[in-house]
Amino acid sequence: MAYRSFVALGDSFTEGLNDPLPEGAAQDPNGITRYRGWADRVAERLAELEPGFRYANLAVRGKLIDQIIADQVPRAIEMKPDLISFCAGGNDLLRPGSDPDRVAKKLATAVRDLRKTGAEVIMFTGTDPRDTPLMRMGRGKFAVFFMHTRAIADMYGCHLVDLWPMQSLRDPRAWSEDRLHLNAEGHRLVAAKVLDVLGVPSKDDWRKKWPPLEAVDPWTKRREDTLWLKNHVVPWIGRRIRGVSSGDGVPPKRPELAPLG
């Protein structure tokens, strides 16, 4: 199928952190760092195949599912695109006391409303967090949520991009220094997977075989973990305590359906 329009909804994963734009185009006029990401890469490929293709990306880093449903879903419905991607709930599940069943019910309601427009909808499971310190403690919670996600995708006839078993994303070289967001190569692999699920030819292969990692001595590994805690985990905890989000004051990077360029 040729897609004439695509709207991407979600949080930092869909906004594109940490996949930098070409040099000199990393900040908008407000000084907010902007990124490329898998959704932009998918849109670029779809635009190559369909003259007049239009794209909007409403995703904003740090957003919870209630915020995405309230702010982004109605706008996507108004735009009436051919294709919508919807990934939400990850930030909710990172919070203590979160309930994956309750988050999944909200996800299902939003997906139902998006499908009523006649648009095709792309949904995602996340990657298996077993290799990530701290994140692995919530592995069971994420597994339950992604089981719901698979069922919702099946119920409403959505495209499912299942990242949980994707071995190429288990390599640390697909991730940025914060160990939470993909880097440019990780986003490239996800874009290739999305295009494959859509049945769209792509020059990239998501089944990447990484060369062997160089051995790291225990002292270096401890030092890297200490720096990660200091530079990424502690600031994240601080924002939670203060009740602020990395997405506060950050507008969508592509708020309207428009041609790429």
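User: Where does N57 sit?
Analyst: In this predicted model, N57 belongs to strand β2, which spans residues 54-57.

User: And is N57 buried or exposed?
Analyst: N57 counts as buried, because its relative accessibility is 0% and the cut-off for that class is under 20%.

User: Which backbone oxygen lies 3.1 Å from a polar atom of its side chain?
Analyst: That is the backbone oxygen of T14, which lies at 3.1 Å from a polar atom of the N57 side chain.

User: What else does N57 touch, leaving out residues up to four places away in sequence?
Analyst: With those set aside, N57 touches A8, T14, E15, A39 and D40, and also P252, K253, R254 and P255.

User: Switching to helices: at what angle do α2 and α8 cross?
Analyst: The axes of α2, residues 37-49, and α8, residues 184-198, cross at roughly 50 degrees and come within 8 Å. The two helices are therefore oblique to each other, and their crossing is right-handed.

User: Which residues meet there?
Analyst: On the α2 side they are G37, W38, R41, V42, R45 and L46, and these meet A184, H187, R188, V190, A191, V194 and L195 of α8. Sorted by class, this contact of α2 with α8 has eight nonpolar residues, two polar ones and three charged ones.

User: How about α6 and α7, what is their crossing like?
Analyst: Helix α6 covers residues 100-115 and helix α7 covers residues 139-155, and their axes come within 9 Å while crossing at roughly 25 degrees. That angle falls in the class under 35 degrees, so α6 and α7 are roughly parallel to each other, and the crossing of this pair is right-handed.

User: Which residues make that contact?
Analyst: From α6 the contact is made by P100, D101, V103, A104, L107, A108 and V111, and from α7 by K141, V144, F145, H148, T149 and I152.

User: How do the residues of that contact divide by class?
Analyst: The contact of α6 with α7 has nine nonpolar, two polar and two charged residues.

User: Now to a loop: where is G199?
Analyst: G199 is placed in the loop between α8 and α9, the latter being residues 218-242.

User: Buried or exposed?
Analyst: G199 counts as exposed, because its relative accessibility is 61% and the class begins over 50%.

User: How far apart are G199 and M1, in sequence and in space?
Analyst: G199 and M1 are separated by 198 residues in sequence, whereas in space their C-alpha atoms are 8.2 Å apart.

Terms used:
Residues are numbered from 1 along each chain as its sequence is written. This is a predicted model: local features need pLDDT of at least 70, side-chain atom pairs count only at pLDDT 80 or more; totals for chains, interfaces and linings use all residues. Side-chain values use heavy atoms; hydrogens and water are left out. Axes are lines fitted to C-alpha atoms, for helices over the stretch in contact, and angles run from 0 to 180 degrees between N-to-C directions. Helices (H or I, at least four residues) and strands (E, at least two) are DSSP runs, numbered from the N terminus. Angles under 35 degrees count as roughly parallel, over 145 as roughly antiparallel, 65 to 115 as roughly perpendicular and the rest as oblique. A crossing is left-handed if the near helix is turned anticlockwise from the far one by less than a right angle, and right-handed if clockwise. Contact means heavy atoms within 4.5 Å. Ala, Val, Leu, Ile, Met, Phe, Trp, Tyr, Cys and Pro count as nonpolar, Asp, Glu, Lys and Arg as charged, and the others, Gly among them, as polar. Buried means under 20% relative accessible area, exposed over 50%, partly exposed in between (1.4 Å probe, protein chains only). A polar contact is a pair of N or O atoms within 3.5 Å; within protein, one must be able to donate a hydrogen and the other to accept it, and residues adjacent in sequence count only if both atoms are side-chain atoms.
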